[in-house]
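Please look over the sequence and the model shown here before reading on. The report is meant to be read alongside them.

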Amino acid sequence: YRLSTVTPMKFRNSFEAYMLSHGVAKESIEAVEWATWLHKPGMPKDPEFDRSLVEKADAVGDCWAGLNNEVKLSWDASDLKGWTTDMIVLALSRTILTVEDGTGSPDCAALDEAYGFSNVVNSEVLFKWLTLCIIKNYEPSHPVIVTFLTKQGRMKFVRPLYRSLFKAGGESAELAISTFKQHQSNYHSICQKMVSRDLGISK
């Protein structure tokens with residue numbers, strides 16, 4: 001339907017034909033409440049999603065923070081076998097939240113030894129891991145942070161890490177300023193402007 005308009009009936013027919021051709025049970029297709037979606041007033045009810053993977057990631061994140069003794073971990077790579085990037089990011093995000101609200105106290109050294117987070121090449125995972133390290137003032141992560149900041153130019157990663165380092169104060173703030181001053185020419189001009197403002201450096 002590229003560059004054309006689609007009527008509700010065309011969309012429905014196309015949807016049902018596609019789903020049938022891809023092995024979806026006819027009963028599941030017929031369960032779609034088309035009258036509600038297309039004709040009744042108001043918004044349809046919120047869909048119910050399977051949250052089992054989210055809950056699993058949250059439980060492990062709590063365990064990493066020392067808050068969940070019910071989860072039995074091996075504290076090695078087997079704990080994350082079969083996990084997607086999103087699940088690992090969710091678990092690390094959960095751990096970060098527990099630190100920020102004052103309930104969690106993860107051991108970054110133990111986590112790094114168990115899962116080798118400092119050596120991962122996935123930017124999404126490494127970004128979350130380094131964010132946790134900064135909040136916990138885990139100084140052995142500083143070389144990894146500098147490498148990431150100087151090899152990764154995306155502002156979605158670069159700016160939050162600089163801000164977290166600067167907010168941490170002390171040596172972390174000094175590291176943020178010195179790293180940025182040395183490598184700022186490598187960043188996009190907008191990134192340079194935003195980060196320099198975050199760090200209180202006049203342009």
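## Basis of the model

This is a predicted model, in which local features need pLDDT of at least 70 and side-chain atom pairs count only at pLDDT 80 or more, while totals for chains, interfaces and linings use all residues. Residues are numbered from 1 along each chain as its sequence is written, and side-chain values use heavy atoms, with hydrogens and water left out.

## Cysteines

The structure holds zero disulfides, a disulfide being a pair of cysteine sulfur atoms within 2.5 Å. Cys63 is in no disulfide, and the nearest cysteine sulfur, that of Cys108, is 15 Å away. With a relative accessibility of 11%, Cys63 counts as buried, where buried means under 20% relative accessible area, exposed over 50% and partly exposed in between, for a 1.4 Å probe and protein chains only. Cys191 is also buried, at a relative accessible area of 2%.

## Helix 11 and its buried face

Helix 11 covers residues 189-198, and its buried residues are Cys191, Gln192, Val195, Ser196 and Asp198; helices here are DSSP runs (H or I, at least four residues; strands are E, at least two) numbered from the N terminus. Seen down the helix axis, these buried residues fall within an arc of 155°, so they line one face of helix 11, the arc being that of the directions from the helix axis to the C-beta atoms. An α-helix has 3.6 residues a turn, so residues three or four places apart point the same way.

The face of helix 11 turned away from the buried side carries the exposed residues Ser189 and Arg197. The cover over the buried residues includes helix 9 (155-168) and helix 10 (170-183), with contact meaning heavy atoms within 4.5 Å. Just after helix 11, Gly200 takes a positive phi of about 70°.

## Two helix pairs

The axes of helix 7 (residues 123-135) and helix 8 (residues 142-151) come within 10 Å and cross at roughly 135°; axes are lines fitted to C-alpha atoms, for helices over the stretch in contact, and angles run from 0 to 180 degrees between N-to-C directions. Helix 7 and helix 8 are therefore oblique to each other, since angles under 35 degrees count as roughly parallel, over 145 as roughly antiparallel, 65 to 115 as roughly perpendicular and the rest as oblique. The contact is made by Ser123, Leu126, Phe127, Leu130 and Ile134 of helix 7 and by Val144, Ile145 and Phe148 of helix 8.

Helix 8 and helix 10 have axes that come within 11 Å and cross at roughly 30°, and the two helices are therefore roughly parallel to each other. Here His142, Val146 and Thr150 in helix 8 meet Ser172, Leu175, Thr179 and His183 in helix 10.
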